[in-house]
Amino acid sequence: MLSSHIMAAAPVAAQHASSYLPIALQIVFAIGFVALMIFVSALLGPKRKTNDKLANFTSGITTHGNARQPMAIKYFLIAILFVLFDVEVIFFYPYAVNFKSLSWTGFYEILLFVGLFLIGFVYIIKKRALKWED
Amino acid sequence: MNAIILSAIFGIVMMLSSAFVKNTKAYKSIALVGLILLLLANICETYSHAWLNIPTFDMLEFSRFGLYFNTLAIACTILFSAFSQREIERVGRYIGEYFALIFFVLCGIFILSSYNNLLMLFIGIEIMSIPLYILTGARKENLKSNEASLKYFLMGSFSTGILLMGIALVYGGTGDFALVHHGQDISTSIAGAMNKRMSFLDVAGMILILTGMCFKVSAAPFHFWAPDIYDGSPSVFTSFMATIVKAGAFIAFIRLFAIREEETTILENAIIGVDWKMLFSIIIVATLLFGNITAIFQQSVKRMLAYSSIAQAGFMLFSLLSLNDTAKEGLLLYVVAYSVATIGLFGILAKMKDYTLAGYNGMAKSHPTLAFANAIFLLSLSGIPLTIGFFAKYYMLMAVIQTGGYMWVAIVGVIFAVISVFYYFRVIWSMYFKEGTVELKYPVTKGFKILAVVMALIIILLGAFPQVILNFLYF
Amino acid sequence: MPIQYYIALAVTLFSIGVVGVLIRRNAIIVFMCIELMLNAANLLLVAFSKTHPATSVAPLAGIDGQLFVFFVMVVAAAEVSVGLAIIVMLYRNTHSVDVDFLNRLKN
């Protein structure tokens, strides 16, 4: 039924395609105007490049070191584990939708699923992957 | 079902035992016991004792052929872990995890030998490949291994993306992921939709799936990743990847097209201008050409074996072209012949210091047993009569001839089989007729030698009586 | 909207992903392009699931497409974790994630 609805809507949408023309024009003008302004101001504006001007302003204190400090590798490990455990929650959505109709069988199966997760979690703890200090 | 569930459970057991068992010697024993139990469980299921029968809503279908393939795959894995156990222990510190990953790979292969739904195809392929990315990079401090791992990962997930897009398009064309519907109106399944006429979406999707699968089995023109990765990963895991895993990918490949041909006449009719068989023939010839010609120029034996595995994949693809009973039997024979020989060659190679051809010089003098086993393995790979490799190639060519109309592909196959003899015999030549000393990196134990000879004898015995393997398919 | 629009969008995204994988040299960006390919397929699956509604013969039609997407997302997460681990391992050894830098195997 849904599909027939979609199919029926097709010619209407095709008709409407032409009525999007003003919006398209507006987008073209908006982007064009911004691009033109940036280009013109870069062209006309004064340019004085000196080392002092290009350097970062740090209130007179000389800079030292790099702002991009290497991050602890532990961080990545925990982030990776988080991604794994986080995404698996997705399987609870279909279960939640069919919670009533699946009744106890569904509950046991979801328990099995969570149980497998717990095994993985025990493994992680046992391998000391979550320890920050070594 | 037995094999799928048990392999997953044993994977978890290995994982936990690596966390709780401190004795590193224990892992391989646990793994071997697990593999043997797996073998027994699978054989029980073949003779209709399925203990773990879970309703799969027709997503999986356990046929005799698929179950027998499982048996062969497990048997080859047992041979592999018995033959290369010392090498697995030498790869790194995480021995329990390596075995756990091998079990997970097996689980993926079992799904691939019995899927009946494109969802299961996708999941099986992923379960099979993701652990392999890790195994490839198992030598964490070795740059070559790291690089191979990254390349394999990028190429593998790229091909997965292509495969997935293909599945999405096929779904769009047919409205279903199931390959065959049991007890339902046939016209709702993919097969039914195919019967009418493949839509444009279908054809586009099938071509993308074909591309993705060609990536996985390293068929030309998507073979370029294979040599680098086989060369870079630790030799033990190369032998696992090049044999059992490749066979698993082949089973999935064949199954997809075999089911479709069984249900419809799709492959016989040229549908909207795409003649599938012609496409397969071109892929086969290109794979044979690239694999064999580049293998000739390799100086490193490991790299030569990598290219030869591409060439052997070309031969296995013959079964895709014919898709009849002979082709299925031939594929099983080929899996056994190729896996046993390659596992043996890599097992001995992993013990050596020098992987180049010159490294094999004079092996017959210093290590006559190993040289003998090596020679038998190479003879089998090149398809010399009285080895199982001959019958494997014979069945493949026979299957193509039976289909009719593709005689020229069979002739090209014979020509390339003759060419392949050249580079396999170079190794035999340098082992027996060149002077030199073979330096081994690791000592060879007596058990290792016995196992090597046993594997050589398996090849010869099966070469004399190939029916032994095939009889189990029917009785 | 007609399904053709969705197909066009998904195919465009997919092509961007493929081109990115082929021409970019940074491993992380190549990886992002692969994710783009997977998600283009996801989009297409969801779009198709609406054009194949459930009937009495196939009561699950339509839903299976959306369920497939769940599986793809989970598999993609597994791939992400393995892939990032590999990239981190490589970075520790080479201090680079450039794919071109990795050409030791070709010799």
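How many helices and strands does chain A have? Chain A has six helices and zero strands. The legends below describe views of a predicted model.

View 1. Along the sequence, chain A reads α-α-α-α-α-α. Of its 134 residues, 0% count as buried. The UniProt record (unreviewed entry) places the feature "transmembrane region" at residues 24-44, 75-95 and 107-125 of chain A. In the model, residues 75-95 of chain A are 81% helix and 0% strand, with 32 Å between the end C-alpha atoms. Residues 107-125 of chain A are 100% helix and 0% strand, and their end C-alpha atoms lie 26 Å apart.

**View 2. The overall form of chain B.** Chain B contains 21 helices and zero strands. Its radius of gyration is 21 Å, close to the 23 Å that the globule rule gives for 475 residues, so chain B is as compact as a globular protein of that length. Taken along the principal axes, the box filled by the C-alpha atoms of chain B is roughly 65 × 55 × 45 Å. Of the 475 residues in chain B, 61% are buried. Counting contacts in chain B between residues at least 6 apart in sequence, 81% join residues at least 24 apart.

**View 3. Helix H1 of chain B and its cover.** Helix H1 of chain B runs over residues 2-20. Its 19 residues should span 27 Å at 1.5 Å a residue, and the 26 Å between its end C-alpha atoms agrees with this. Buried residues in H1(B) include B:Asn2, B:Ile4, B:Leu6, B:Phe10, B:Val13, B:Met14 and B:Met15. B:Gly11 and B:Ser18 of H1(B) are buried too. The cover over the buried residues of H1(B) includes helix H2 (26-46), helix H3 (64-83) and helix H5 (95-112) of chain B, together with helix H6 (99-126) of chain A.

**View 4. The contact between chains A and B.** Five residues from chain B and four residues from chain A take part in this contact. On the side of chain B that touches chain A, the residues are five nonpolar, no polar and no charged.

**View 5. The contact between chains C and B.** Here 36 residues come from chain C and 34 residues from chain B. Helix H1 (3-23), helix H2 (27-51) and helix H3 (63-94) of chain C each give two or more residues to the side of chain C that touches chain B. H3(C) provides the largest share of that side, 16 residues. By class, the side of chain C that touches chain B has 27 nonpolar, six polar and three charged residues.

View 6. For chain C, UniProt (unreviewed entry) lists "transmembrane region" at residues 6-23, 28-48 and 68-91. Residues 28-48 of chain C are 100% helix and 0% strand, with end C-alpha atoms 30 Å apart. Residues 68-91 of chain C are likewise 100% helix and 0% strand, and 34 Å separates their end C-alpha atoms.

**View 7. C:Ala41 in the largest nonpolar core.** The largest nonpolar core has 208 residues. Among the members that touch the most other members are B:Met165, B:Ala168, B:Phe318, B:Leu333, B:Tyr334, B:Val336 and C:Ala41. Leaving out residues up to four places away in sequence, C:Ala41 touches B:Gly161, B:Leu164, B:Met165 and B:Ala168 of chain B, and C:Phe14 and C:Val72 of chain C.

Terms used:
Residues numbered from 1 in each chain as written. Chains lettered and ligands numbered in written order. Predicted model: local features only at pLDDT ≥ 70, side-chain atom pairs only at ≥ 80, totals over all residues. Helix = DSSP H or I, 4+ residues; strand = E, 2+ residues; numbered from the N terminus. Rg over C-alpha atoms; globule rule 2.2 N^0.38 Å. Buried ≥ 20, exposed ≤ 12 C-beta atoms within 10 Å, placed from the backbone. Contact = placed C-beta atoms within 7 Å. Nonpolar A, V, L, I, M, F, W, Y, C, P; charged D, E, K, R; others polar. UniProt positions renumbered as here; feature names shortened; annotations may be inferred. Expected span 1.5 Å × (residues − 1). Core = buried A, V, L, I, M, F, W, Y, C linked by C-beta atoms within 7 Å.
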